[in-house]
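Have a look at the structure, then read on.

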Amino acid sequence: MKEIKFVDVGEGITEGHVQKWLVKDGDEVKEDQPVVQVETDKAIVNAPSPISGKIKINIKDDTVVHVGDVLAYIGDDSELNAVSQPKAQEQQVYQAQKAEQPQAGNAMHAEEQQPAQHAEILASPYVRKLARDNNIDLSKVIGTGPGRRVLENDIKSHLNQSATPLKQTPKFSELLEDRHAGDIQRVPMSQTRKAIAKNVELSLSIPTFTHMDLINANNLYNTVKKERPNAESLGVKLTILPFIIKATVEALKENPMANSSYDRDRQEIIVKKYYNIGLAAEAPDGLKVVVIRDADKKSIIQIAKEIQDLHEKIKNMSITIDEMRDTTFTITNVGSLGGGFLSVTRKAIAKNVELSLSIPTFTHMDLINANNLYNTVKKERPNAESLGVKLTILPFIIKATVEALKENPMANSSYDRDRQEIIVKKYYNIGLAAEAPDGLKVVVIRDADKKSIIQIAKEIQDLHEKIKNMSITIDEMRDTTFTITNVGSLGGGFLSVPIINHPDVGILGIHLIRDMPVIENGEIKAGKVLPFSLVFDHRVVDGAEAVKFGNALIKYIEDPAFLEILG
């Protein structure tokens, strides 16, 4: 008889999530047949059977497991019948403990009951924080959840037994649920999403320097075009990326410090003499970084084929941990998503918004052909003025933003770090950053999806008047779901990196419309161009999603039919 265990796969992974059994309890399985899918921080792993035989499943679907846990047994009937069922036995103990748990006020019985001792106490980060806030030793608490996990109610029961009131400050997320019952959705974070959040939070400790430049890509473009038929005859799709990888390797050879890592404990730089190029890629379950190993030793065609194979594995969610570790330098191809003038991952720099310093961000920048927008505003302005309303581009930007948020709902959310959940909001309260005599204010256009252009323009006008008179109220400045800052209204600036308005996960910065060359029907013409920048909380929104949001925004603002409906 053999055991199927959740093994140590390295990379610091200590737990996983049994996502789905691929066979039924009691099925006959073959050697090396995949029997269960386990989601880890890095990937979904298909665990195979070590031998042929009958399977006895030990852990159910949707269960968190730790390294060393036995997932199933493989053997014949006599061997499997002799297997003890610790999980079932433990569950009976938990249920018995739960049944015996004292009611509030029965302190005498509480003193007699002792919690079981375990090497590891299972509890969520939220429950651990709750225990810390109330000075509770978790080892003294009786856990009633699966695997004796300590739940929130166990903390409350423990406090009831000691007649100590629960010390718990209402969280923003709880207040949100009170205000918007039915209009929000809590989305538990997958293991991959948790890993992304953890990794990008670590990046906050890295002081960074960003350099941007332009490349004349005529020769690159022509070379790819020339070599593409040959690649296609070999079943390989050729893009610019393999050439970028090879050029990057040569640049790394000339600048070896860029191909290194930093050992903070030893205060040493580890310079690597091999070239494993990471490629950031969008996956169904979140951002992945796959690796082209020894890129210096491979041809353009070999690299292109490997990229093709890795993308197929990402798409099918069959990528392995070995295919995602030990990078020496990473490339992210934002252009493959169809948009982006400039894109940079960096931490927010703002002393006056301390909360934003804890948010690892991704910044995406692009340009919009604003000819149709400019003409629509010009056309509708006299009608608005007849109603006593000053019309600008901002109400149209707000309406286009709402549509982009509908297509990309994660951008209209907040992040509950304690519970490791994303709170997706089904209402659209658009914050507007505004200059005030006593400092920056963020006022709110509530339910922007339900208001007309004229209504939004009138509301902006009224709010700005209140800001000027310093009569704005707290209610008019809270509960945003997404924020816009109109840098262009100040008369300058080509592009900027705005600061996320916590607890939103995104902010849009719009800049001054400029007369610049635009291409229409293959011809270069003078036109109106609107630069914009998007900043997102990278724990919730990946670069791919940021680009999709930007592309949706461009689509609506450049669409004359959409603008006509609004006008």
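The crossing of H12 and H14 is right-handed, meaning that the near helix is turned clockwise from the far one by less than a right angle. This is a predicted model, where local features need pLDDT of at least 70, side-chain atom pairs count only at 80 or more, and totals for chains, interfaces and linings use all residues. Residues are numbered from 1 along each chain as its sequence is written, and side-chain values use heavy atoms, leaving out hydrogens and water.

**The helix pair**
- The axes (lines fitted to C-alpha atoms, for helices over the stretch in contact, with angles from 0 to 180 degrees between N-to-C directions) of H12 (residues 394-407) and H14 (residues 543-558) come within 9 Å and cross at roughly 135 degrees.
- Helices here are DSSP runs of H or I with at least four residues, strands are E runs of at least two, and both are numbered from the N terminus.

**The hairpin**
- Strands E23 (residues 514-520) and E24 (residues 523-537) pair (DSSP finds at least two bridges) in the antiparallel sense over 7 bridges.
- Proline 517 sits opposite alanine 526 in E24.
- There are 2 residues between these strands, and asparagine 521 takes a positive phi near 55 degrees.

**The open sheet**
- Here 3 strands run in the order E13-E12-E14, with mixed pairing.
- E13 (288-292) and E14 (329-332) are at the edges with a single partner strand each, so one side of each has no neighbour in the sheet.
- E12 (residues 277-281) and E14 pair in the parallel sense over 4 bridges, with glycine 278 opposite threonine 330 in E14.
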